[in-house]
Structure formats: C-alpha cells, structure tokens
Amino acid sequence: MLFKRVFDLANKYRVGVYCLFCSFLLVNWGSLPISPQGSDPRLLLAVVFLIGLIWIYLFNKTCDRVEDAISQPEEMFLDKENRIFSRLLPFVAAFPMLLLLSAHVPVWPYLFYIGLGFLYSYPLINGFRLKNVPLLKNFIAGIYVLSPLWFGLYVYFPPLYVSPYYPAVSFLTAVFFIYVSGEILWDIRDVEGDKATNIQTIPVVFGILYAKIIALLFVCVGLYLLPHILANYIICITVATSIVLAKPNRSKYYYHLFLYFLSGVLVMAVLWK
C-alpha cells in the first residue's frame, strides 16, 4: 500500500519531529519581535535551526544503528543509507553557517546547537555519549526544539526586548517540560534497545512505572504554565494519555501518530485565531 510505504519512510527519517518543530514555530511566530532597524531575521532563524534539527536527528540515527536494530529494526539505517548520510551530513551542517555569515548575524548559537547534537549522539571516550546521562538526554531533546526561540529572544534581537517578565518565557518553559515528557514517552518505546546499548534513560534507570509518573509531573508543570485555552488542554491531555498507555511493545504507529496529532492541534490553534 502506497500510503503505508510513504508513512513508514517519513517515520524512518523523523518527519513527524520536523512537523512538530515547524508547527511550534508557527504558533510562536508573533512572539519574536522585529529589530528596530527594520530587519526581520525570523525566517532565517527558522530555516537555520530546522536544517540543524534535521542534521541532529539524522546524525543520531547513523550513530544508533545497534540500538535501532533491537528496538526498531524496520527504521534502522541500512549500510548504503549510512554511507550516504555519513558523507552528506557534514555539508548539511555547514550550509546554515553560510546563511548566518551572509546575513552578518552571530554564528556561535548555531555552533552550540550542532555541537550539543554531536556530543549527544557520538561516542567519544569509551563509548560515552551525553544521551547516556539520565534525564540530561531528555533535557537536551527539549533544547533542540526550543533553541530557535531562546536564541531569538536573547541573541538575535536587541537586549531592550528581554526582561524576566517577557510573556514568551513562561510559554517556552511550559513547552520545554511537555516536550521532555514526550521524550520520556519515546524512551519507554526504546527501553529494550537502550538497555542493550547502556543508554541510561529514565525508564531504564527508574523503571517504566516511575518514568510515567515523572513524565506526567512534567505535563502538569507545563499545563500550569501554559495559557488556559482549549488547544493547550487538548495537547496536555493527549500527551498524558499517550504516556499512561505507552508500552515497549506497542505499534510504532502509536508513537508516530502522536507527533502528527500534536502538530495538527498546534496548526489548528493558529487557524482558529
């Protein structure tokens, strides 16, 4: 069936994550002010960090073939794919740097972003990676999604716009906790592969039950910080329900459809305004 093949291919290359990222940017587009000089770096920021996010997830898959062979063998990179991406990804990572340099804006936030992704996935010393540290793995994943807005607020826009009471700060913190809870959901799916490859995720260290409790607490924190509107309630209820029902042996479609549903809710929230 053509639809199933396309859907499986999209899942393999993590298209659902990119959709969620883009829909999140769409919802928050108005939260980024325009420079008083009249320039508007929002589109540049979105393109740069979207390409960076794609690089991070594809690079992670080239480093996770052993784990994927255990927990999601149908989504692991084949030898040919691995060779192609190993040669292509350095150019993908470099392209946003050229965009930033040509626009005369700081490059270091992007280098930090890419560097964090490299240390997250690549085994440097005795196989150690940042993703081996419990909880830190989930926090780094949250940073990936929120980096464009964080850097947009504090680096690419004038300091006069930034204050401890900036309305976006509370929203960003809320989405950070909700996204981290979603990462714990995916760790439940990958728990067997993580155990086999010594990746110390929350479900591996504390067990699935306590991992669900931690994730649900994060959702509650996010809901408390979010504006109390219908779309946010739908998002939090969806995430919480998905966490409660999550099992390592559940269908892969359960986890991927979760991403597309959240993306759809965010887009509908924008259209509803």
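Me: Which residue forms a salt bridge with D64?

Reply: Start with the general idea. Side chains of opposite charge can pair when their charged atoms come close. Now the case here, in a predicted model. D64 forms a salt bridge with R129. Their closest N and O atoms are 2.8 Å apart.

Me: Where in the chain do D64 and R129 sit?

Reply: D64 is in the loop between α3 (42-63) and α4 (65-71). R129 is in the loop between α6 (108-121) and α7. The two residues are 65 residues apart, and the pair links distant parts of the chain.

Me: Is D64 buried or exposed?

Reply: Look at the relative accessible area. Under 20% counts as buried. D64 has 5%, so D64 is buried. R129 has 7% relative accessibility, so R129 counts as buried too.

Me: How many salt bridges does a search of the whole structure find?

Reply: The search finds 3 salt bridges. One of them joins K12 and E81, with the closest N and O atoms 2.7 Å apart. K12 lies in helix α1 (residues 2-12), and E81 lies in helix α5 (residues 79-102). The pair therefore ties together parts that are 69 residues apart in sequence.

Me: What is the relative accessible area of E81?

Reply: The value for E81 is 14%, and E81 is buried. Both partners, K12 and E81, are buried.

Me: Which residues does E81 contact, leaving aside its neighbours within four places in sequence?

Reply: Read contacts as a list of partners. For E81 the partners are K12, Y13 and M76. K12 is also the salt-bridge partner of E81.

Me: Which side chain meets R189 in a salt bridge?

Reply: That is D190. The N to O distance is 2.9 Å. R189 has 6% relative accessibility, so R189 counts as buried. D190 has 9%, so D190 counts as buried.

Me: Where is R14, and which residues does R14 contact beyond four places in sequence?

Reply: R14 is in the loop between α1 and α2 (15-27). With neighbours within four places left aside, R14 is in contact with Y57, K61, Q72, E75, W186, R189 and H256. R189 is the residue that pairs with D190. At 9% relative accessibility, R14 counts as buried.

Me: Now helices. At what angle do α12 and α13 pack?

Reply: To read a helix pair, take the angle and the axis distance. Helix α12 (residues 230-245) and helix α13 (residues 252-272) pack at about 175°. Their axes are 10 Å apart. The angle makes α12 roughly antiparallel to α13, because angles over 145 degrees count that way.

Me: Which residues make that contact?

Reply: From α12 come A231, I234, I235, T238, V239, T241, S242 and L245. From α13 come Y254, F258, F261, L262, V265, L266 and A269. Sort these contact residues by type. There are 12 nonpolar, 3 polar and no charged.

Me: What is the mean pLDDT of the protein chain?

Reply: The pLDDT gives the predictor's confidence in each residue. The chain mean is 80, and 86% of the residues reach 70 or more.

Me: Which helix has the lowest mean pLDDT, and which the highest?

Reply: Compare element by element. Helix α7 (residues 136-154) has the lowest mean, 72. Helix α11 (residues 208-225) has the highest, 91.

Me: Where does pLDDT stay under 50?

Reply: Look at residues 160-165. For that stretch the model has 7 contacts beyond four places in sequence.

How values were computed. Residues are numbered from 1 along each chain as its sequence is written. Side-chain values use heavy atoms; hydrogens and water are left out. pLDDT is the predictor's confidence in each residue, from 0 to 100. Contact means heavy atoms within 4.5 Å. Axes are lines fitted to C-alpha atoms, for helices over the stretch in contact, and angles run from 0 to 180 degrees between N-to-C directions. Angles under 35 degrees count as roughly parallel, over 145 as roughly antiparallel, 65 to 115 as roughly perpendicular and the rest as oblique. Ala, Val, Leu, Ile, Met, Phe, Trp, Tyr, Cys and Pro count as nonpolar, Asp, Glu, Lys and Arg as charged, and the others, Gly among them, as polar. A salt bridge is a side-chain nitrogen of Lys or Arg within 4 Å of a carboxyl oxygen of Asp or Glu. Buried means under 20% relative accessible area, exposed over 50%, partly exposed in between (1.4 Å probe, protein chains only).
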